[in-house]
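Try each task before reading its solution.

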Amino acid sequence: MSDQAAARPTSLLNRGDHTARRHAAEARFRACGLGAILIGLAALAMLLTSVLGSGLGAFRQTYIHLPIHLDAAALDKSGDRDPEVLKKVTTIGYRKVIDAALVEAVAQAGIVIPGLTEDDSAGIISREAPAQVRDMALSDPDLIGETIQVRILADGRIDGYLKGRVSAESAARDSNVSLAQLQLADAMVERGLLSLDFNAAFLTAPDASDQRPEAAGLGVAILGSAYMMLIVLALALPIGVAASIYLEEFAPKNRLTDLIEVNVANLAAVPSIVFGILGLAIFINFAGLPQSAPVVGGLVLTLMTLPTIIIATRASLKAVPPSIREAALGLGASRMQAVFHHVLPLAAPGILTGAILGLAQALGETAPLLLIGMVAFVREYPGAPPEGFFDPASALPVQIFNWTQRADPAFVERASGAIIVLLAFLLVMNAAAILLRRRFERRW
Amino acid sequence: MTATWILLILLIIAAASFFLGRARAIACAGGDSRALHSLPGHYSWATVLVTLLPALLLLALLEISAALTPAGTLAVVILALAALAWSLRRITPVFRARATVERGVLALLILAACVAIATTAGIVLSMLFETLNFFVQYDWREFFLSATWAPRFQGGSELGFLPLLWGTLYISLIALIFAVPVGLFAAIYMAEYAGRRIRAVVKPGIEILAGIPTIVYGLFALITVGPLLRDYFAQPLGLGASGSSVMTAGLVMGIMLIPFVSSLSDDIIAQVPQSLRDGSLGLGATRSETIRQVILPAALPGIVGAVLLAASRAIGETMIVVLGAGAAAKLSLNPFEAMTTITVKIVSQLTGDSDFAAPETLVAFALGLTLFAITLCLNVLALAIVRKYREQYE
């Protein structure tokens with residue numbers, strides 16, 4: 001100590017080496033903390049920009065604007081517009097009509113591209129377009145024989161070209177799209193035959209097959225997720241609140257209570273995929289419920305959400321001061337009346353907040369749904385509840401996963417776009433929870 | 001459909017019993033409800049409970065044993081009516097309807113609380129039976145000790161668990177190596193240095209990371225982090241050419257775990273008594289010295305608990321590894337190689353058309369049970385440590 005004492009400054013106003021070193025260490029430590037926070041925030045920013053950057057394109061879609069003459073000779077040979085007869089004409093018949101209309105429109109606009117065959121120009125139309133026109137004609141048979149102005153989907157590659165995903169170089173390596181087609185697209189854009197419009201179908205249309213990413217939408221997935229959230233809300237909230245009331249207000253200190261407490265704490269930390277195995281083994285293999293059905297997904301997510309809701313509810317019940325209970329008991333209420341008439345209403349905002357956060361967590365959950373068959377390709381909308389709960393459906397996060405597994409890069413854009421939709425739902429739910437807490441939370 | 005009809009009939013009987021119970025109670029009291037022991041509503045509900053519960057129980061029994069014949073239907077309705085008659089006869093001015101109703105409600109509350117136990121039991125039993133089935137067909141020593149994973153649906157699969165365990169642990173380790181220092185430093189800064197205004201901005205910012213679904217992290221790994229690591233690290237260093245790798249999945253999982261570690265550590269650091277800080281600062285220590293030599297040692301058990309919980313989360317995580325880690329079961333040290341985990345294989349063995357008699361499918365249940373056991377041990381340990389730590393300062 002004595003040599004150190006000798007090196008020490010004689011005045012408090014002079015900083016010695018030792019103090020300087022300690023202060024430098026302090027600054028370094030503090031910088032580490034700040035750095036950690038910056039890393040966290042940078043990761044968040046990167047995540048969001050990456051998803052937004054690649055996903056915003058999904059909300060715009062390339063459409064071809066064409067006058068189409070629905071030739072009665074090709075589409076309705078009998079001429080009496082009988083819907084049953086009309087249905088016999090498949091999309092192949094409509095395909096020919098559309099192709100011819102496109103070739104004509106291109107010629108009329110005076111577009112000449114060297115080396116462009118008729119097959120090439122037909123190739124810029126989506127494979128989904130004939131079905132669109134056919135549905136239009138079937139819903140209004142009087143259109144047949146008329147010339148109608150339609151807006152049909154362009155092929156995914158042309159869509160990619162307008163959004164900058166496909167370029168002349170990448171087209172050279174891609175057998176699905178030729179340079180002549182891209183030149184045609186450019187010329188059509190100039191003349192207003194081809195344009196990027198808002199893509200409302202992305203939110204309403206069902207999924208589409210591998211070859212037609214331009215037609216794929218989230219309609220079935222959003223509906224399926226909504227059904228599951230309804231089930232989760234209808235089951236998890238009452239069961240969770242009832243369980244919390246018992247544990248917080250009535251449970252005696254005994255083995256059963258301890259067992260329940262331990263179970264709730266552990267269930268909150270069980271990996272979500274394990275709940276998927278439970279759903280597969282119990283609800284599908286044992287109880288015989290259908291695969292891919294929202295009811296199974298809803299039940300599995302209910303079991304997953306219960307611990308979250310129980311923990312939140314118990315916290316808000318605990319926050320109600322005992323004086324409220326004592327006052328009620330003192331006036332002759334039973335314990336049950338004290339809880340249901342006084343404690344529960346006061347705890348309600350906290351409980352609702354917890355329930356919304358639990359729902360948000362359930363909405364984004366993917367892994368357990370993969371195991372109960374939600375990953376199947378579903379094109380049909382599920383029916384109206386309650387029967388619709390048993391129809392096959394998809395779910396938002398599973399649809400995202402499904403699209404990441406497809407070969408066409410256009411599906412990456414769709415998947416990122418779907419994530420934007422999912423995050424928007426989550427944002428609304430979380431904002432609702434925060435507002436609820438701000439507005440109604442009471443502190444004693 | 002018959003069950004729906006019976007339910008409807010029971011509902012009508014219940015509605016009738018609601019009004020009959022009330023009317024009977026008021027009639028007993030000579031029209032003056034003040035003469036009754038309980039409120040008139042209690043008599044209504046007591047009648048409804050007694051009428052409905054036995055009939056519903058019988059209905060459920062018949063439904064489960066598939067004996068819901070017309071005779072069974074009649075029995076259910078008669079039981080309900082008999083119960084209604086009995087419960088109406090029971091009503092007198094001194095009948096304690098409130099106690100009856102509350103006993104019923106309490107039973108419902110206990111039932112709801114037992115759902116948690118039933119869920120755990122369901123998890124364990126569902127996996128246990130199929131796992132036993134699997135071990136009848138496949139030697140358990142092979143499963144736990146073999147280093148080859150090569151399922152073939154024609155039969156003759158090798159289902160060694162070790163490569164999957166290695167992939168799981170390796171990815172979790174990388175995630176923790178990234179998340180623990182970052183999360184801990186972030187928590188320390190927020191608890192000890194940041195002013196109220198910075199805290200109000202930064203804390204929710206970090207917590208947003210916790211609210212993002214794992215599928216989003218998975219896609220982030222697939223389209224951003226994977227190609228980035230491949231093009232700037234793996235290929236220049238000659239370590240691999242795959243976008244999905246242990247490093248990709250580990251880093252992205254690390255990002256996911258940051259808020260988990262930081263909010264748990266934040267709580268724990270905030271619980272260290274102020275007197276310890278004051279004492280240390282008063283003796284002339286700088287703030288970082290106080291943190292390193294006083295606060296962290298005092299908070300260590302809690303932080304260890306938080307890290308264990310994070311590890312359990314990492315081991316059970318599915319979507320990030322499905323999209324970011326790859327599907328090849330390998331025992332390798334190269335972090336830029338694609339490897340696979342227990343959860344990835346559960347998904348791949350159980351999706352699509354599965355034959356629930358084949359060991360290739362059943363192995364998923366054995367994997368699930370092993371995963372459940374590993375995470376359960378970590379959770380129990382972590383919760384015990386955290387609880388003990390809390391008691392220490394309370």
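**Exercise 1.** This is a predicted model. Check whether the length of helix α15 (residues 294-319) of chain A fits its residue count.

*Solution.* Start with the count: α15(A) has 26 residues.

**Exercise 2.** Decide how far α15(A) is enclosed by the rest of the structure.

*Solution.* A residue is buried if 20 or more other C-beta atoms lie within 10 Å of its own. In α15(A), 22 of the 26 residues are buried, so the helix is largely enclosed.

**Exercise 3.** Give the strand order of the three-stranded sheet in chain A, then explain why β2 and β3 stand at its edges.

*Solution.* The order is β2-β1-β3, with antiparallel pairing, and the sheet is open. β2 (147-153) and β3 (194-198) of chain A each have a single partner strand, so one side of each lacks a neighbour in the sheet. On average, neighbouring strands are turned by 40 degrees against each other, direction ignored.

**Exercise 4.** Trace the link between β1 (residues 60-69) and β2 of chain A, then name the helices packed there.

*Solution.* Seven bridges join these antiparallel strands. In one pair, A:P67 has A:Q149 as its bridge partner. Helix α5 (residues 91-108) of chain A packs on the sheet and touches β1 and β2, at about 90 degrees to β1(A). Helix α7 (residues 129-139) of chain A also touches β1 and β2; its direction makes about 140 degrees with that of β2(A).

Technical notes:
Residues are numbered from 1 along each chain as its sequence is written. Chains are lettered from A and ligands numbered from 1 in the order in which they are written. This is a predicted model: local features need pLDDT of at least 70, side-chain atom pairs count only at pLDDT 80 or more; totals for chains, interfaces and linings use all residues. Two strands pair if DSSP finds at least two bridges between them. Helices (H or I, at least four residues) and strands (E, at least two) are DSSP runs, numbered from the N terminus. Axes are lines fitted to C-alpha atoms, for helices over the stretch in contact, and angles run from 0 to 180 degrees between N-to-C directions. Two residues are in contact if their C-beta atoms, placed from the backbone, lie within 7 Å. The expected span of a helix is 1.5 Å times one less than its number of residues. A residue is buried if 20 or more other C-beta atoms lie within 10 Å of its own, exposed if 12 or fewer, and partly exposed in between; C-beta atoms are placed from the backbone.
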